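User: Before I plan anything around this protein, I would like to understand the terms used to describe it. Could you take me through them one at a time?

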Amino acid sequence: MKTDLLQSIWTRRSVRTFSPNPIEEAHIEALDALVESVNLRTGPYGTAYRILHLVTEGDEGVPRKIGTYGVIKGQRGYLVGICQDREEALLDLGHAMEECVLHLTGMGIGTCWLGGTFSRSSIEEMVNPGEDEIIAAVIPYGYPAGRKRIMESMMKRAARSSSRLPFDDLFSSFGDDIDGPVRECLEAVRQAPSSMNNQPWRAVVDAGKVHLLMNRGGMLKSRLYTRMRHIDMGIAMQHLEATASEMFPTAQWIFEDDLEGIPDEFLYIATLVIDAGTLRFP
Ligand SMILES: Cc1cc2nc3c(=O)[nH]c(=O)nc-3n(C[C@H](O)[C@H](O)[C@H](O)COP(=O)(O)O)c2cc1C
């Protein structure tokens, strides 16, 4: 199961135009079961969230059009992510929803995270968020259409979707060059989707620890974009954890409260502790 997730990390790309083919019943059931089990857990920060699974055909009142500006076409369902409006909750939600995205990818189903270009009011009516909750993100899904629309190509180009910053601009080390399995883990982070392809993830590797940082430099200061960056970091945590735990079975998150020397433009997020002695595929 985990190995499938690793493959999905590398094959996933945002899909915004979906095929009219209905989703196989077995896939819908698998997704329902997955969402149920993910909702029963909490993320690395221990906060609660709610992921709702809405199927466009069949569930009454599910809006057919949800992406604004014609971004999304032909989706067969959505995952809706609801959490409290605070940093830890957004990180946990990103981590949890990306696990769903990777499983969907493994089933051959396309997805696109939406943080900005969806109509909140049409979703709010359906999911009734509590007073301290926000609808943080929506993920439409469906089988990918054979041909992309012009609108999709434009969105991809605007977000420079297929490009990623060079490895050495994102990740550094206090010791030797980053190579081997740790490099593989960080390459998996580099594949992560991020809002407007901002790639805010940074990491410093230090003796068996991978410290994850969020780049807030050049950040648009609106609340919406700050939220999106936290979701981006939660997604990165999922990619790092899924890859590392495959190779290092004891890998675990810790939160350091006395990490020194972090420049102002970075926000410390979390540390993954990796014991090189436990490497499964030396
Ligand atoms: C939290 C988040 C919010 C996003 N919001 C939008 C959005 O509102 N509209 C959109 O078209 N794409 C959105 N995206 C998709 C990104 O543009 C896309 O992930 C990025 O360009 C990288 O491309 P890739 O996913 O194909 O690797 C979002 C992605 C994330 C992670």
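Analyst: This is a predicted model, and its protein chain is divided into domain 1 (2-155) and domain 2 (167-278). The centres of domain 1 and domain 2, taken over C-alpha atoms, are separated by 23 Å, and the contact takes 22 residues from domain 1 and 21 residues from domain 2.

User: Which elements make up the side of domain 1 that touches domain 2?

Analyst: Helix 1 (2-11), helix 3 (87-106) and strand 4 (133-142) are the elements that give two or more residues to that side. The largest share, nine residues, comes from helix 3. By residue class, the side of domain 1 that touches domain 2 divides into 11 nonpolar, six polar and five charged residues.

User: What makes a residue part of the shell around the ligand, and how many residues surround the ligand?

Analyst: The criterion is a C-beta atom, placed from the backbone, within 6 Å of the molecule. In this model 22 residues surround the ligand, and the closest are S14, G115, S161, P193 and N197. Of the elements, helix 8 provides the largest share of the shell, four residues, and the shell as a whole divides into 12 nonpolar, eight polar and two charged residues.

User: Why is L240 called buried?

Analyst: A residue is called buried if 20 or more other C-beta atoms lie within 10 Å of its own. L240 has 26 other C-beta atoms within 10 Å, and therefore L240 is buried. The place of L240 is in helix 8 (residues 223-247), and, not counting residues up to four places away in sequence, L240 touches C185, A188, V189, V210, L212 and L272.

User: What does helix 8 pack on?

Analyst: The sheet concerned is an open one of five strands in the order 5-6-7-9-8, with mixed pairing. Strand 5 (171-173) and strand 8 (252-254) each have a single partner strand, so they stand at the edges and one side of each is left without a neighbour in the sheet. Neighbouring strands of this sheet are turned by 25° against each other on average, direction ignored. Helix 7 (residues 180-190) lies across strand 5, strand 6 and strand 7, running at about 170° to strand 6. Helix 8 packs on the sheet too, touching strand 6, strand 7 and strand 9 (266-273), and its direction makes about 160° with that of strand 7.

User: What makes the pairing in that sheet mixed?

Analyst: Both senses of pairing occur in this sheet. Strand 6 (residues 201-206) and strand 7 (residues 209-215) pair in the antiparallel sense over six bridges, with W201 having M214 as its bridge partner in strand 7. Strand 5 and strand 6, by contrast, run parallel and are joined by three bridges, and here F171 stands opposite A203 in strand 6. Strand 6 is also mostly covered, since five of its six residues are buried.

User: How do you know that strand 3 and strand 4 pair?

Analyst: Two strands pair if at least two bridges are found between them. Strand 3 and strand 4 have two bridges, in the antiparallel sense, and the bridge partner of G110 in strand 4 is G142. They belong to an open sheet of four strands in the order 1-2-4-3, in which the pairing is antiparallel. Strand 1 (49-55) and strand 3 (110-111) stand at the edges of this sheet, each with a single partner strand, so one side of each has no neighbour there.

User: Why is strand 4 described as largely enclosed by the rest of the structure?

Analyst: Eight of the 10 residues of strand 4 are buried, so strand 4 is largely enclosed by the rest of the structure. Strand 4 is joined to strand 2 (residues 77-84) by eight bridges, and the two run antiparallel. Within strand 4, I135 is the bridge partner of I82 and V138 is that of V80. Helix 4 (residues 120-127) lies across strand 1, strand 2 and strand 4, and runs at about 100° to strand 4.

Notes: Residues numbered from 1 in each chain as written. Predicted model: local features only at pLDDT ≥ 70, side-chain atom pairs only at ≥ 80, totals over all residues. Buried ≥ 20, exposed ≤ 12 C-beta atoms within 10 Å, placed from the backbone. Contact = placed C-beta atoms within 7 Å. Domains from an automatic or database assignment. Nonpolar A, V, L, I, M, F, W, Y, C, P; charged D, E, K, R; others polar. Axes fitted to C-alpha atoms, helices over the stretch in contact; angles between N-to-C directions.
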